[in-house]
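This report covers a sheet and a domain interface. Keep the sequence and the model in view while reading.

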Amino acid sequence: MVNLGKKVIYQIYPKSFYDSNNDGIGDIQGIIQKIDYIKKLNVDMIWFNPFFVSPQNDNGYDIANYYQIDPLFGTMADFDELVSKLKEINVGVMLDMVFNHCSTSNEWFQRALAGDEKYRKFFYLRKAKPDGSLPTNWQSKFGGPAWAKFGDTDYYYLHLYDPSQADLNWHNPEVRQEVYKVVNFWRAKGVRGFRFDVINVIGKADKLVDSTDPVQEKSLYTDTPIVHQYLKELNAASFGKDFDSITVGEMSSTTIKNSIKYSKPSEHELSMVFNFHHLKVDYKNGEKWSKMPFDFMKLKNLFADWQEKMDQGGGWNALFWNNHDQPMALNRFGDPGKYRIKSAEMLATAIHLMRGTPYIYMGEEIGMIDPDYSSINNYVDVESLNAFNKLKKQGMSDEGALAIVKAKSRDNSRTPMHWDSDQYAGFSKVKPWLMPRKQMQINVCKELTQGEIFNYYQKLIRIRKHEDLISDGHIKMFLKNDPQILAYERFNLDSTSKILVFTNFYGQEHKIQIPTAYVDQPYSILISNYQRVAGNLQPSLIFKPYEALAIKLKP
Ligand code: NOJ
């Protein structure tokens, strides 16, 4: 079995990585051309957001054909070349499997629309209520009702996301067989990594009923017991046959209890889970489309809960700050201005030395930040545009709504990778689908010649591979009430040494009292983003703005 603790995964959003054919959109050949860059980081696997055939209503999460590469990104030959070139440098491929829903352009949906009984059963089709209202009052996660008219019939189909993403009916064994077939097709091409999109919402109840409130509504289709059964079956029928597979489930609004079950090896479901609770600590009253400084104590408590309880229960976390759905963490939890470099390093340290498998989102390793576009016309994401219109309908001014979109839009992380300081950031020779910004200040070329963030990431990855306490150790938080410092200990019951990690989440200096058990112990420095020297632990320590420090105690 794979030692997940020694692995680091890099995420590439293909549309925005590198455009090799100058059509303004990133592509597979572009990724191949940048393999040397990826190699420098020494990651083990790359998760690619979907590049399958798709109308791109939700940037590829609306799959029309699971077996083909969208011509926008290249050909199957390009894909095979990518897999083999990455294999040469020992990097695996993780594909994004979107099975909660498929595109309404998918043949399955089209055949259902044409009246084919077999395929009608692939979807949730329901008639309106006797009073003519929609089958249930559920809301789509992208705004508006979760039901859309099924062609020219009396039926509606369920879509938890965009109307062009029809939910697949996993209760139908034929749907599950189709899912296994897709996974096995890609396994046969040498793919060993699979990320399963919103996989914990596949188990809707047989009888769909109205919800009483938005929170209760989620419970009607999230983390239902049958999801565990479906995952066990999927595991046995596909990736579970590969000793070296790595899988991750994207879990919407999940719980620790369920996540332990999803990821505990003896359950034979998945290798690990993404949860998003720590990325909701800047939501005002739980609402994403709002603005609020992050709540540090809440963040600390969430990390403590998820880290310690997953450890105790034998579950495994995916560790991440960023992905293609999130604004850049530097803007949310760091200081993208004065302390961009120090806060980027601090944030990286905070999660890379935790228990789990770290994911690095492209651009994070050079300290990329939100583009801060000046107009709503620069944004393209369906969710952001829906939110903008909704906020305006609620009476908010254009400026107010734009300020929220700027802070929360998924386009923040989807701007093209900055390779150099050119007009189009060295991403393309023509105007890209989404404009880069701030490439004069932040780009790969500059970072590799004069920067320090990339080197710092390399070092964190090296530490994970060499320090068993980081890859395999337990975790315990300390300084739990400190209002500025997140601190934890990595330990193993059969080892006398320990690793202590301290991260200052603020731009002010801060003094802490070292727990008495550690005082006077000799230590060496594992990593630090300021100048620190080894010594014996003093009763108190002062941390500089956004300082990160990891030390190894050797009693
Ligand atoms: C989660 C994906 O990460 C997101 O980009 C997508 O819009 C939804 N799932 C729906 O597939």
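## The sheet

Two strands count as paired if DSSP finds at least two bridges between them. The model is predicted. In it, strand 14 and strand 15 (residues 357-361) pair in the parallel sense over two bridges. Ala 318 has Thr 357, in strand 15, as its bridge partner.

This pair belongs to an open sheet of eight strands, ordered 13-12-11-5-2-1-15-14, with parallel pairing. Strand 13 (272-274) and strand 14 (318-319) stand at the edges. Each has a single partner strand, so one side of each is left without a neighbour in the sheet.

## Domains

The domain assignment of the protein chain gives domain 1 as 7-98 + 317-371 + 415-466. Domain 2 spans 107-167, and domain 3 spans 470-553.

## Domain 1 against domain 3

The C-alpha centres of domain 1 and domain 3 lie 30 Å apart. In the contact, 21 residues of domain 1 meet 22 residues of domain 3. The buried area is about 1800 Å², and carbon and sulfur atoms give 72% of it. Lys 342, Met 346 and Leu 353 supply 31% of the area that domain 1 buries here, more than any other three residues.

What polar links cross the interface? Six residue pairs are in polar contact, both residues at pLDDT 80 or more. The salt-bridge rule finds zero.

On the domain 1 side, helix 12 (340-352) and helix 17 (453-466) are the elements that give two or more residues. Helix 12 gives the largest share, eight residues. By class, this side has 11 nonpolar, four polar and six charged residues.

Terms used
Residues are numbered from 1 along each chain as its sequence is written. This is a predicted model: local features need pLDDT of at least 70, side-chain atom pairs count only at pLDDT 80 or more; totals for chains, interfaces and linings use all residues. Side-chain values use heavy atoms; hydrogens and water are left out. Helices (H or I, at least four residues) and strands (E, at least two) are DSSP runs, numbered from the N terminus. Domain bounds come from an automatic or database domain assignment. Contact means heavy atoms within 4.5 Å. Buried area is the accessible area (1.4 Å probe) that two parts lose on being put together, summed over both. A salt bridge is a side-chain nitrogen of Lys or Arg within 4 Å of a carboxyl oxygen of Asp or Glu. A polar contact is a pair of N or O atoms within 3.5 Å; within protein, one must be able to donate a hydrogen and the other to accept it, and residues adjacent in sequence count only if both atoms are side-chain atoms. Ala, Val, Leu, Ile, Met, Phe, Trp, Tyr, Cys and Pro count as nonpolar, Asp, Glu, Lys and Arg as charged, and the others, Gly among them, as polar.
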